[in-house]
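Dear colleague,

Please find below the structure that I am handing over to you.

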Amino acid sequence: MKRTNRIFTVLIFIFLYIPMAVLVVASFNTGKNITVFEGFTLRQYAELFRDEDLLALLGNSLLIAVLSTLICVGLGTVAAVGIHNLKPRMRKAVMSLTNIPMTNPDIVTGISLSLLFVFVGSKMMGNDNSLNFGTLLIAHVTFGLPYVILNVMPKLHQMDSSLTDAAMDLGCTPMQSFFKVTLPEIMPGIVTGGIMAFTMSLDDFVISYFVIGFDFVTLPVEIYTYTRKAIPPKIYAMFTLLFLLIFGLMVAMNLMQLRSDRQKRSKRAVSDSKSKRIFKRVCAGLAALALVIGLGSFIGMTRQDKTVLNVYNWGMNIADGSDDTMDIIAEFERQNPDIDVRYSTYDSNEALYSKLKNGGVTVDVIIPSDYMIARMIDEGMLLELNFDNIPNYQYVDEIFKDPNTRTYDPENKYAVPYTWGTVGIIYNTKYVDEADLAQGWGILWDEKYADKILMIDNARDAFGIAQYLLGYSVNTTDHDELLACVEKLKEQKSVVQQYVMDQIYTTMENGEAWLAPYYAGDAMLMMDSNPDLAFYLPQDQGFNLFTDAMCIPSCAQEKEAAERFINFMTDPEISGANMDYICYASPISEAKNYMEEYLAESEVVYPPTEVQAKGTAFNFLPEEVSREMDQLFMEVRSTDTAEGGGTEDVIFLIVLGALAVAGVAFSVSSFVKKVKRKTKK
Amino acid sequence: MKKNNAILLSTPYILWMLAFTLIPLGVVAYYAVTDPVTGAFTLDNLAQLRLYMPVLGRSVGYSIVSAIICLLLGYPVAYYIAHRGKVAQKMLYMLVMLPMCMSFLLRTLAWKGLLDDTGIINNFLGLLGLPTLRMVRTPGAVIMGMVYNYLPYMILPLYSTIVKIDRRLIEAAEDLGCTPVQVFQKVTLPLSMPGIFTGITMVFVPAVSTFYISQKLGSADTSLIGDVIERFFKGNNMNLGAALSLVLMVLVFVCTGIMNRFGDDEEGGVVV
Amino acid sequence: MSKELIRLRDLVMEFDGERILDSINLYINDHEFLTLLGPSGCGKTTTLRLIGGFLKATSGEVLFDGQEIGDVPPYKRQVNTVFQRYALFPHLDVFDNIAFGLRVAKVPKAEINERVHEMLGIVGLRGYENRRIDALSGGQQQRVAIARALVNRPKVLLLDEPLGALDLRLRKDMQNELKRIQQALGITFVYVTHDQEEALSMSDTVVVMDKGRIQQIGKPEDIYNEPKNAFVADFIGESNILDGVMLEDYKVRFFGRTFQCVDKGFERNEPVDVVIRPEDIDIVPASEGHLVGTVTAITFKGLNYDIIVEFRGFKWLIQSTDHCAVGSTIGIRLNPEDIHIMHKSEYSGMFGDYSSYSAEYDELTEDAGDEEE
């Protein structure tokens, strides 16, 4: 019995630690893929320490954790003492208030705070930048406070209330008796509460994810962005180091506690020094933390006399210096030392749209696709550009200025093209029979490849595919046609493995999925790392030909700097260097001269003109249509297919039913017992 | 200390909590009943919730199942830890807590690496010449992800309850003729009930609202209510997202309410 | 009576290399009320737990009815225990607590009902069946604990400081109650306490223990009157313990005088410990005394005065109903039967001097409340 229990416990610990082991091993892997260990290297660690951005993110996380912990400990301790002395009924009310963030799901807390900040900030105070460092700090303090309260309260309860009386009897003022008697007595509670608040804050993802703005991002939130696409292995290195750090801290803490326990047991006389030592340790810790904060704010200060330019771009849509490409942002900052670029990413036009629409953020440069630009122009969300500041606009090919092709901004007022490309089908030649490609888009419905098909996870592209397949116009506003598309997309659900955006990279590259519709440039990238992949454009049915262009949203604060950035990006040399990394087509022909040859000559990147002619652009759709489309797509995504998960869900319903019955039976039996007891009396 | 002092000391905190926990919930409710475009009062969002009931049902189902699995896996572990020596207890407790401090995104991602069709486990099976298994993108994988992520939330409260059970009660039961099995049934188990209820709540609540696990380990057919909320909120319709989170909140409060009723209160749920 | 029920043979108990019990040999008769008495840490609770089966001896045997039971788990032993601070099940009410053992033994329902009610009557808790445990006072909890053990009709009831948590008044009542119950049911009680008064007033046999060894076994009167060594003499009641020399049978010399006594069987001129109980000393005018001393302190104790008298630098405690002024010179007389002679032991010289007397001396043992754990 005991033996089996021990074995069982060991197994559970293995279960708990296996994924961590995988990550630690991955940090020493020469390959990028965590599933295959290719060889031992320490390179990831070196890269980690070279990556200032990543370290800055870690710094951000630490800063917010330290600040929020300090506030929590201060406010919480004082409050706990107050609450402890409240009348019982009042105390109960306050404690249930304390329990709200504890029992509320994180996602609800995050959303409610985010809505509050946006509501108060944007709607009531007209402040666009209402999601910022301050609001993030407020959020962290809010979920950290209960940990301090709930750890300090029991210590106060345990404390002999006559202790403070004794202190005052011996001449202490209430203040002194608090510091001399109460505080040392409840110190363990404060320390534990503080540590909990700190770790919760440091590791918080869910709440931060909803509350975060652009100008201050923490590590876990950035990791989330990473995990949606290919995760750079240096993240594993960071994980390993953090793991060792936390492990070491915990062991040290335990050992210290054990030692002081032992001392307490062996010699009572020494025991009073324990609280003193804790106090000292806390003081030392606080001092160290204050140092960190000082440094942090120092860095903040040095940054502040620069113009901060917030650039919001698609994921993996700018050369970042990896794989021998140019680090575009660094280059821009080098040429414009007065500007500090804060760069963040989105993964769909719709996400970008709603982020701007919902308010609460400041962005200076965005790079939406054509139809989204049209929509934003229509809704007055963009600023007109001052082309005097963008002399490089002259290099942009005439065809991108022609009102006939440039339907999204026919007057050439709001946008400077960044890239253009097509949406086609990426497939794995190892598994996909090329003869099946004759079905065109229909191959994405092919039962033969069930569960190996990825579907693009944004409404417009997904509807577009259905529309090409059904022979409708992609710019239709016809309600029945949209409903027919919904039916078609629902039909596809049973063969789709997942709806994805950036995640497509890893999944296609490692062969988890074999077929996916995606953008040509990204296809090039994937083909680069997995030679089995190929790209196909269903020319007969039609495909989307899109342009992404740089715009300045109306919430921008640094318009002039933004225009300088746009101008910089439109330099043929820069554009060419950029395309080397992102593998899209540049709207600037001259850029080809600065691009690697294989790209400039690739038909995937630059399809021949006769093929281009078969593509169609997405046009702006009226607000109600695009909204309806979003809603319908969400319905497709989240409602169940008739078959597919059907049987599994039936099983779950049965289990659920059984549980409900068991629950009812249990409560009835306990009720009966109670009644019986009463009658016994 | 005088009463008005108490109020003075606790006032900043009470105001803080009102401003940042209670009022935001009101704002959620406000968004839930307003139109995304016009901002006018509407019940449309609530009417649309009907469409997402199957997803909600699935989330609840998965979470209950994972809470039960957590209980079955966690109890023996908690029991084992509670019966070690002092030093061992501390160390084991720490080892249970440690994973909770590490990025849950990366750990879930690591599971994906393990379970993928071309993942570590299947690679290993392939090496042994065994047929590969389909693990990822099944409800099982999602539930496993939940169990993995929230198991510590079950073990820790169970441990703190079991360790507090007076040894003399066990001896008393033995003295009165209970075999070890009977001791467990009649004394240890009933006395660890509060811990069990706390544990179930602490697993159920984050599990039912999670929005990452299913994205990584699940399929198109296993998306959970958290995923839907995230998509609406980060996507195009905050108001519908708010309406859905309102539902989720009510659900969770009802569940914890029931659990607290069973759990004989006082102990309070927070042992992390 | 006096059929042997339990025998402990050469019991040795060690924890972490520390010897807690050192070859304990003891037998317990049927129907006997036996008390294990000693200060905190003397090994009395350990001995009890060995009988109850909660511990396994490092070496030695526990015999029950002539059968070795060292390896028998507690739930198979015909003994029940009343635990220190009761160990009542908080999730069960009074009735369910008492019925616990019977239910485990699958006694028919009707019989359970009957026996529990009978037991409730014996401990005087009729009408409390459905009370929650935490709604009971300490004394009531105590009664429930006793009832819970006794309802199983054990051959032996082990009681581990059962009255330790009660206040003085309640403790006295419960002492009488326990004695009454023991006599009424005719069950063997093995009782652990550090309270000598409790031990003396309730027991048939007292076992005095210290440092893991049995110091003396005997009837309460014998223990009091004929302590075997300085430890027992001091632990049981008050004693003045002096160095003396046994000149020959019935003749002992101390303080430069030779006294008649009633003890014999010592070596000639053997150094001995001489015990004189404070209440046995008669105060007489200085001229008539065997010894003459100076009163250094006097405390009124209700029934008598505690008088500290200095004789040639050695302070005695004398209990007397007469008042003597501090500083006065008094004489004392000792009758032969007041003088008790003991062999020298490891405890010699450690006890029996009242130089550091304070009025609270009789509360010194109270601290021992939190037993060896």
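A residue is called buried if 20 or more other C-beta atoms lie within 10 Å of its own, exposed if 12 or fewer do, and partly exposed in between, with C-beta atoms placed from the backbone. By that rule, 41% of the 373 residues in chain C are buried.

This is a predicted model, in which local features need pLDDT of at least 70 and side-chain atom pairs count only at pLDDT 80 or more, while totals for chains, interfaces and linings use all residues. Residues are numbered from 1 along each chain as its sequence is written, and chains are lettered from A and ligands numbered from 1 in the order in which they are written.

Chain C contains 8 helices and 20 strands; these are DSSP runs numbered from the N terminus, with helices being H or I of at least four residues and strands E of at least two. The C-alpha trace of chain C spans about 80 × 40 × 40 Å along its principal axes.

Two residues are in contact if their C-beta atoms, placed from the backbone, lie within 7 Å. Chain B has 97 residues in contact with 93 residues of chain A. Helix α1 (residues 3-32) of chain B provides the largest share of the chain B side, 20 residues.

Between chains C and B, 17 residues of chain C are in contact with 15 residues of chain B. On the chain C side, β6 (79-82) and α2 (94-104) each supply at least two residues, and α2(C) gives the most, with 3 residues.

Yours sincerely
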